[in-house]
Every structure is written in C-alpha cells, then in structure tokens.
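This briefing is meant for a reader who is looking at the structure for the first time.

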Amino acid sequence: MPDTVLAAIARRLGRRPLTGEALERRFQVLKGEAEAPVPPATDSDVVCGFKTQALRNLFEISEVASLQQALAALQTHLPIAPSPQASLRHLPWGSYGHTLVETAAAPALGVVEASAGIAETGTVAVSSRETPSALLFLAEELVIVLRRENILAFQEQLWHKLRPGDCRALHLISGPSRTADVEQTLQVGAHGPRRVYLWLISEDSP
Amino acid sequence: MTAPAEDFIARSREALGDTSLQAALARARPGFVRKRASAVALVANFDALKAKAKAVRQRSLRDLDSYLAVFEQRVTAAGGRVHWAATTADLRRIVLDIARATGARSATKGKTMVGEEAKLNEALEEAGIQPRETDLGEYIIQLAGEPPSHIVAPALHKTRAQIVELFLRDHHLGERELASVKDLVDEARTVIRRHYLEADIGITGANILIADTGTCVLCTNEGNGDLTASLPNTHIVTTSIDKVVASWDDASALLRVLARSATGQAITTYTSFYGPRGDGDLDGPEHFHVVLLDNRRSQLLGSDFQEMLQCIKCGACMNHCPVYQAVGGHSYNSVYPGPMGAVLTPLLRGEPGDFALADASTFCGRCEEVCPVGIPLPALLRKLREMSARQRGQGPGPWLIKGFTWLARHPRLYRWSTSLTTALLARISGRRGSWRRFPGLGRWLRYRDLAAPQGSSFQHQWRKARGGEDRA
C-alpha cells in the first residue's frame with residue numbers, strides 16, 4: 001500500500017490524487033501561480049558584491065589574468081601535488097614541476113573549476129558532471145577556478161542557465177568546511193577542505 | 001510516577017540546577033541572537049524575503065498532494081525510489097529493508113531530525129548495522145548516548161570539558177591532549193573520515209525537496225552530509241512530507257531565510273542538491289532512495305494547526321525563547337524542543353504529558369517575531385492550551401471567570417463589593433504593605449508578595465480626586 005500516505009494527504013485537502021497527464025497539467029498550472037522571485041537587496045556591482053561576500057565566507061581569493069598565470073603561482077604558494085579534475089588535466093602542470101595525483105582517498109590539493117559564481121552569497125557552483133563530489137569534500141585543501149564572466153547576481157539566474165536537476169549533485173560551496181558544534185566556537189576544517197583558494201580568472205574562456 | 005503536567009516542571013527544575021548545562025546555555029544564548037541580528041541587518045529587505053518564504057511554504061502546503069506526486073514521479077523517472085512511511089515504524093522498516101538488501105554492515109549518518117523522530121539509530125543497531133553519526137554535534141551526543149537538545153546544534157548542552165571527557169573515554173588517544181577546540185575537531189575529523197570510507201550506506205535528511213526535478217536539498221557547514229551522501233554505494237534520504245516545494249526558485253526563497261535565521265550566515269557553507277546518479281555523473285552512489293515520513297503531519301492539513309507545517313527547522317524560535325534559554329532542550333523531552341517543539345510534539349506524538357509543553361511559554365511573542373516563515377507560534381500554543389484544558393476537565397477556573405464577568409456587568413454591585421473587599425483587606429493588613437502568604441495563593445506567592453489594598457478602590461479615589469463628579 002505505497003500510496004496510502006499520498007491518498008491521506010489528498011483526502012485532507014479535499015481532493016483525489018492525480019496521476020499521469022492530469023497531474024502534469026495541474027503541476028504546470030501551479031508553477032504558473034508562483035509569485036515573482038524576491039532577491040536580497042544589494043547596492044554594489046556583481047563582481048564587487050561577489051568578492052565582498054566570498055571574503056566573508058573565508059575564501060582566499062587571487063585575481064589572475066589567465067589559468068597559466070595561476071598555475072605558476074600554484075608552484076610558489078602551494079608546493080603540494082595537485083589532483084585536478086579531468087577537464088583541467090590537459091594544462092601544462094609538468095612545466096611547473098608538478099606531478100599530478102589521481103583522485104585518491106585523501107587528495108592533498110584538489111583543483112576544480114566552478115561552473116558559476118553567485119554574488120548574493122559569495123558562492124560557487126560545482127556539478128557532479130564536471131567534478132567528482134568526493135574530490136570536493138575529501139581534499140585537505142581546494143583550489144576553485146572561476147571565470148569572472150561566470151559570476152551571476154542571484155541564484156535564480158543559475159537555475160535558468162544550468163537546467164538543474166540534470167546531474168546527481170549540484171554543490172553550492174561558500175568557503176572552507178567549518179563547525180560551531182563545540183561551544184558555538186567557529187572552527188574551520190571540519191570534514192571537508194581546511195582552506196579553499198578561489199582563482200578569479202579575468203581572460204575570456206578559450 | 002509523577003503526573004504528566006508535573007513532568008516538564010520537574011525536568012526544568014533539574015535543568016535549572018545543572019551547573020554544566022547552565023554554563024553551556026549561557027555560552028550559546030547571546031551568540032545565536034547576535035549572529036542572526038547581524039545577518040539580518042546586512043540585507044535591507046529581510047522582511048520582504050520572509051514574506052516571500054512564507055508565501056512559498058503556504059503555496060506548497062495548499063497543493064501538497066500534487067507536489068509530492070510530481071516529486072515521486074521525477075525521482076522514479078531518474079532512476080531513484082520514493083518510499084512512503086505512514087508511521088515511524090514504517091520508516092524504520094523501510095530503511096532496514098533497503099539496508100539488508102544491500103548487505104550493509106555500517107551506515108554513516110548526516111543529521112536527520114526525522115531519523116531522530118523515528119529512533120532510527122536504535123533500529124539499525126538492533127539489526128546489526130552500525131550507525132555512525134558524522135555531524136560533529138550528533139557524533140558527540142551519540143558518544144554520550146543522549147538525544148539532541150537543539151535542532152540545529154544538537155550538542156548545545158555540552159560544555160567543552162564534557163566533550164573532552166567523552167573523547168578521552170572512547171578514542172584511543174595515547175599521549176595526545178585535546179587542549180583546544182581545534183584539537184577536538186581534528187580528532188573527530190580523523191575518526192569520522194575512516195567511517196565515511198567504510199560505510200556501505202549513507203543516510204541523510206533533507207532541508208527542502210524540489211518537486212520539479214525530484215531533488216533533495218541538503219544544507220551543512222561541515223561537509224559531513226555531502227561525504228555521507230556521496231561516498232557509499234547507497235544514499236537514503238529520510239525526511240518528512242511537508243518539505244516539498246514546487247521549483248528551484250521556491251527553494252531559493254527558503255534558502256535566503258534559512259541560514260540567516262539559523263546560524264546568521266547568508267548561506268550554509270555547503271548547500272547541495274541531490275538526485276539519482278545518471279550516465280553523465282563522475283561519481284556518487286548507484287542507489288538513491290527517499291523515505292517520506294507522515295507520522296500525523298497529514299492530519300494537520302486543513303486543521304487549526306496547518307501553519308505549523310510551514311516550519312523550515314531553522315531553530316530561531318528556540319534561540320530567542322526565554323523558556324528554552326533557561327531550561328535547554330532536554331527539558332522538553334522531545335526531538336523538537338522550544339516553541340516549535342511545544343506545538344509539534346503534542347500534535348505528532350501526543351502522549352498525555354506532551355500537552356503540558358504548551359504551558360512552557362511566557363507568550364512574549366519573540367518566536368513569532370523571528371520565525372522566517374511567519375508561523376503564529378503563540379496563537380498555536382494558546383489553541384493547544386485550550387485543547388488541553390478541555391481534555392483535563394476545567395476545574396473551577398471557568399466558573400470563577402463567569403462569576404467575575406457577571407459581576408463586572410453590574411457596575412453598582414461591582415463597586416459595592418470591591419469597596420467592601422478593599423476595606424476589609426485593608427483592615428486585616430493593618431500597617432503591612434504586603435503579604436508573603438495568603439490562603440489559597442501558596443504557589444502564586446512563592447516568588448512574589450501580594451500588595452495589600454490601601455483602604456479604598458481606584459474608582460473611589462478617582463471620583464474623589466475629580467470632586468465627586470461621577471461619569472462612570
């Protein structure tokens with residue numbers, strides 16, 4: 001009797017449960033009845049607002065012209081063997097003296113590219129179609145590459161750009177992992193990355 | 001056994017005398033309030049965000065049947081499964097069936113209040129499947145063998161010293177010390193990291209369900225929910241029927257008020273949207289199940305208490321409640337404490353003593369003021385008190401009130417009787433300004449004195465001051 005709960009709900013609401021075509025039609029009507037979105041009030045421009053919020057979330061931001069330039073910086077600032085997501089492996093890591101590490105149980109440094117940034121909360125979006133979720137959460141430290149042109153003002157713009165629900169997981173990430181479960185004291189580095197570097201790339205995508 | 005009405009009182013009395021608990025509460029109290037206030041101050045239109053969130057929740061409940069049916073259809077179409085649990089026993093059975101079918105030995109768990117409601121951990125243990133909590137707060141109380149005392153910060157009642165003690169008892173620490181909060185968090189990280197990698201199934205809750213795409217939204221700061229949902233081969237979401245909204249836009253409206261109200265963040269560090277794994281996904285569990293618990297929630301639809309289902313479990317009402325702040329979550333003897341728990345517990349569990357929770361309110365109204373989805377908590381508590389009074393039998397109260405209203409409707413008789421009483425009491429009290437004790441008022445006077453009348457009534461003095469001119 002898998003449907004008894006649903007039937008009980010419909011009965012309480014004075015209706016009969018709908019299925020198939022009738023349900024779909026009803027759902028489309030209901031979606032049309034939604035009020036307009038109400039975004040939070042902001043007064044700064046999109047990129048500026050994004051950076052303010054992202055810093056508040058404890059992202060460590062570097063602004064670089066190109067991905068190559070960022071890689072050079074990686075060698076000096078982060079002398080750790082990186083585990084980049086597949087779409088970033090073609091980059092000339094070797095020329096900067098790095099040996100790549102395939103995603104392991106506990107990668108030291110994950111390098112991933114975000115599909116978008118969201119200014120309202122200083123958040124980046126990463127999907128399981130481009131990046132394995134495990135890499136995002138098991139890495140001790142994480143580099144997230146974000147192209148400036150991909151920064152959006154509000155969440156809703158991302159939903160309309162992405163066709164969300166197409167992937168198993170869409171992660172909105174807002175800084176390094178943290179907890180306040182011991183006496184309400186903020187401690188960074190709970191189960192996920194202890195530090196998250198955000199590379200804002202200004203050149204256009206290749 | 002104590003009478004049910006006494007239970008909350010007895011537990012609160014114990015809580016007030018518990019010095020560790022009072023120390024933990026004193027630390028938590030100002031933090032939550034301050035953090036929420038500063039997060040709200042950072043957005044100029046928070047009231048508009050609240051109004052929108054409330055509209056979304058009300059719209060979702062109005063057509064809950066359709067949204068849930070669409071949700072199930074979408075999850076199924078994408079290769080997952082939705083299970084319906086009318087009772088907590090059904091939920092336990094469904095989860096155990098899935099776990100047994102996969103041959104699971106251990107399960108990691110993200111925070112799920114519905115799992116707590118159904119006592120899922122006990123059921124898993126009895127079935128020989130080791131449940132391992134991964135949220136630091138839940139992990140701490142699992143070590144302590146205690147239920148959560150707060151829906152967002154489950155170990156809020158524990159001091160650091162008590163947590164250190166638990167870790168020293170249960171972990172093999174050797175020479176290592178746990179001097180700082182960082183040491184504690186690192187220790188838990190190391191132990192729980194192993195649990196993630198070993199687990200056969202991952203069980204999480206959900207903060208929101210999105211009908212349009214059959215998606216479960218999970219909000220955490222630690223990332224524990226995501227490791228639980230992503231590493232094992234089976235992901236089970238245990239949540240309740242009231243969590244569904246129509247669209248991703250609707251989810252955004254709730255996310256904008258959820259973290260701000262709960263922890264004072266604009267958004268939780270990780271806000272993840274999960275569904276079944278498809279061909280294009282690079283990792284994730286092969287099996288995806290969503291178990292939806294009713295447990296009497298459907299009976300609230302169309303009732304006087306429907307608004308309670310708008311709740312998004314942010315915890316702001318308890319963080320701002322003077323009663324919760326004084327006695328902590330365990331005094332409520334329920335998975336859901338504070339004002340929202342005082343309403344939900346009698347409605348969902350309905351044990352005789354649960355109605356007494358509605359008395360755990362000063363009706364100061366702060367819960368309603370901070371509720372991001374506009375639930376009129378004091379009004380709902382008042383309705384519960386009325387129901388409870390009807391159940392209990394009413395005693396002399398209503399007769400006294402009826403007598404008083406009759407008297408008050410007869411001004412002459414009223415004036416005559418009040419002057420007589422005041423004169424009489426003034427005579428008895430002599431020069432004393434107040435009484436410490438008075439017959440029939442024993443408990444009322446335990447923490448206050450009764451002022452003695454000073455010879456004439458207010459109305460009498462008013463008339464005298466205005467020169468005998470009677471305008472009553």
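In this predicted model, the C-alpha centres of domain 1 of chain A and domain 2 of chain A lie 40 Å apart. For domain 1 of chain B and domain 2 of chain B, the centres taken over C-alpha atoms are separated by 57 Å.

**Domains**

- In chain A, the domain assignment gives domain 1 as residues 1-34 and domain 2 as residues 43-201.
- In chain B, the domain assignment places domain 1 at residues 43-295 and domain 2 at residues 399-465.

**Contact between the chains**

- Across the two chains, 63 residues of chain A are in contact with 78 residues of chain B.
- On the side of chain A that touches chain B, at least two residues each come from helix H1 (4-12), helix H2 (20-32), helix H5 (133-138) and helix H6 (155-162), and likewise from strand E8 (169-173) and strand E9 (178-179) of chain A.
- The most is given by H1(A), which supplies seven residues to the side of chain A that touches chain B.
- By residue type, the side of chain A that touches chain B is made up of 30 nonpolar, 21 polar and 12 charged residues.

**Strand pairing between the chains**

- E8(A), which is one of the elements supplying residues to the side of chain A that touches chain B, pairs with strand E9 (residues 270-274) of chain B in the antiparallel sense, over five bridges.
- Within this pairing, Leu172(A) has Thr271(B), in E9(B), as its bridge partner.

Definitions and conventions
Residues numbered from 1 in each chain as written. Chains lettered and ligands numbered in written order. Predicted model: local features only at pLDDT ≥ 70, side-chain atom pairs only at ≥ 80, totals over all residues. Contact = placed C-beta atoms within 7 Å. Helix = DSSP H or I, 4+ residues; strand = E, 2+ residues; numbered from the N terminus. Nonpolar A, V, L, I, M, F, W, Y, C, P; charged D, E, K, R; others polar. Pairing = 2+ DSSP bridges. Domains from an automatic or database assignment.
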